[in-house]
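Please look through the model below before reading my comments. I have set them out as numbered points, going from the whole chain to single residues.

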Amino acid sequence: MDPLKDHTIEFTGLKDGQHEFQFVLAQPFFDASGEEEWQGGHVKVDVTLDKSTSLLVAHMKAAGEVKMHCDRCDGPLDFHVEGEQRQIFSLTGGEDTDDDELVSLDDRAHSINLTHYIYECLRLAIPIRHVHAEGQCDPEVEQVLRKLIVEHEPTPDPRWAVLKDLQNKERNS
Ligand SMILES: [Zn+2]
């Protein structure tokens, strides 16, 4: 995703050592993410930036809620996400490596932008199938789903067979 200017850290003025930053991801982030399923949300990202003469190490910790739709009942779902990601930037230039975790910065670079890495962190933290917790789905849809299962399930749940037996007995009695 394209960098958002909120996530730019000017590092040239920073002393060697640890620096803390906090970002809050809100609507503009989710709109810009290009992920259709992410409809909004509120996620805090704590960044610890370790600066030394040759490296910048960014530890990102994301926690919060992403607004999505439930894959089971299609109702609105505030999905709780927690994720962590580390990204290393080399300040001494050098060869680009195959290592995704290590990015070589240009000699003239004076800032880094973390939008892409924060996005990756969230993407990894959200499973492909996201559903409400047990019993939290839309009750109306739940009822319909239950009926569908009864009518179309090729191997019926034995519990339903017992229920049907009971119903038949009632009808016949
Ligand atoms: Zn649901």
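Predicted model: local features only at pLDDT ≥ 70, side-chain atom pairs only at ≥ 80, totals over all residues.

1. Residues are numbered from 1 along each chain as its sequence is written.

2. The protein chain has four helices and seven strands, and along the sequence they follow the pattern β-β-α-β-β-β-β-β-α-α-α. The radius of gyration is 25 Å, well over the 16 Å that the globule rule gives for 173 residues, so the protein chain is more spread out than a compact globule. Here the radius is taken over C-alpha atoms, and the rule is 2.2 Å times the number of residues to the power 0.38. Helices (H or I, at least four residues) and strands (E, at least two) are DSSP runs, numbered from the N terminus.

3. Along its principal axes the C-alpha trace spans about 90 × 30 × 25 Å, and buried residues make up 17% of the 173 residues. A residue is buried if 20 or more other C-beta atoms, placed from the backbone, lie within 10 Å of its own, exposed if 12 or fewer, and partly exposed in between.

4. In helix α2 (residues 115-125), the buried residues include Tyr 117, Ile 118 and Leu 122. The buried residues of α2 pack against β3, β4, β5 and β7, where contact requires C-beta atoms, placed from the backbone, to lie within 7 Å.

5. Thr 12 sits in the loop between β1 and β2, and counts as exposed because it has 8 C-beta neighbours inside 10 Å.

Terms used
Contact = placed C-beta atoms within 7 Å.
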